[in-house]
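Hi everyone, thanks for making time.

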Amino acid sequence: MDLRLESAKSSVMSAEQEILALLPADAILSTFAHDTSSLMSCDGDRKKWVGDAVADLMPGVDRDAFLDEVAAAMDSRAGWKVSEDKTLDGDRSLGLLHEDGTHLMVAFQEAPESLRIAGYSGCFDFPEYEYGEEY
């Protein structure tokens, strides 16, 4: 696939928003998503865009049921593969990988209770990148 910065960034951010939209509306206190980020290196002049989204939640969200819903929703979509993993604390997390290289990690965190979706895009050519610039 021939990715560009704009399409790579859009792939990550739109997938994050689709996952946040699966949360029960009455459980969400606030949401935040980074819309700019420095780029990470791939190989040569190729880079990937990195972003994350967080929803602070009311206590009581059924974490396993939500992660099951995310896994089913993404697994049924063309181009996505879902894997199960654990956070450093031993909690359940999901890895979502798209054939274009977009990769998301979905997990709950404590204090305050929140859902975090961290991800990065597939690699794309970007030879003009200056370290530390955000896009």
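I'll start with the ring pairs and then move to the core.

Please keep in mind that this is a predicted model. The count here comes to 4 aromatic pairs. Take Phe 66 and Phe 108: their ring centres are 5.8 Å apart and their planes sit at 80°, so this pair is edge-to-face, the cut-off being over 60 degrees. The pair links distant parts of the chain, with Phe 66 in helix H2 (residues 63-75) and Phe 108 in strand E6 (residues 103-109), 42 residues apart.

Another edge-to-face pair is Phe 126 with Tyr 135, at 5.0 Å centre to centre and 75° between the planes. Phe 126 counts as buried, with 9% relative accessibility. Both rings belong to one aromatic cluster, together with Phe 124 and Tyr 129.

There is also a charge over a ring: Lys 48 lies over the face of Tyr 120, 4.4 Å from the ring centre.

Now for the core. The largest nonpolar core has 31 residues, and among the members touching the most others are Phe 66, Ile 19, Leu 115 and Phe 124. Which element gives the largest share? That's H1, with 6 residues.

Back to Phe 66 for a moment: leaving out residues up to four places away in sequence, Phe 66 touches Ile 19, Leu 22, Leu 23, Phe 108 and Leu 115.

That's my tour, and I'm happy to take questions!

Notes
Residues numbered from 1 in each chain as written. Predicted model: local features only at pLDDT ≥ 70, side-chain atom pairs only at ≥ 80, totals over all residues. Heavy atoms only, no water. Phe/Tyr/Trp six-rings, centres within 6.5 Å; stacked < 30°, edge-to-face > 60°. Helix = DSSP H or I, 4+ residues; strand = E, 2+ residues; numbered from the N terminus. Buried < 20%, exposed > 50% of the residue type's maximum accessible area, 1.4 Å probe, protein only. Lys NZ or Arg CZ within 6 Å of the ring centre and 35° of its normal. Core = buried A, V, L, I, M, F, W, Y, C linked by side-chain atoms within 4.5 Å. Contact = heavy atoms within 4.5 Å.
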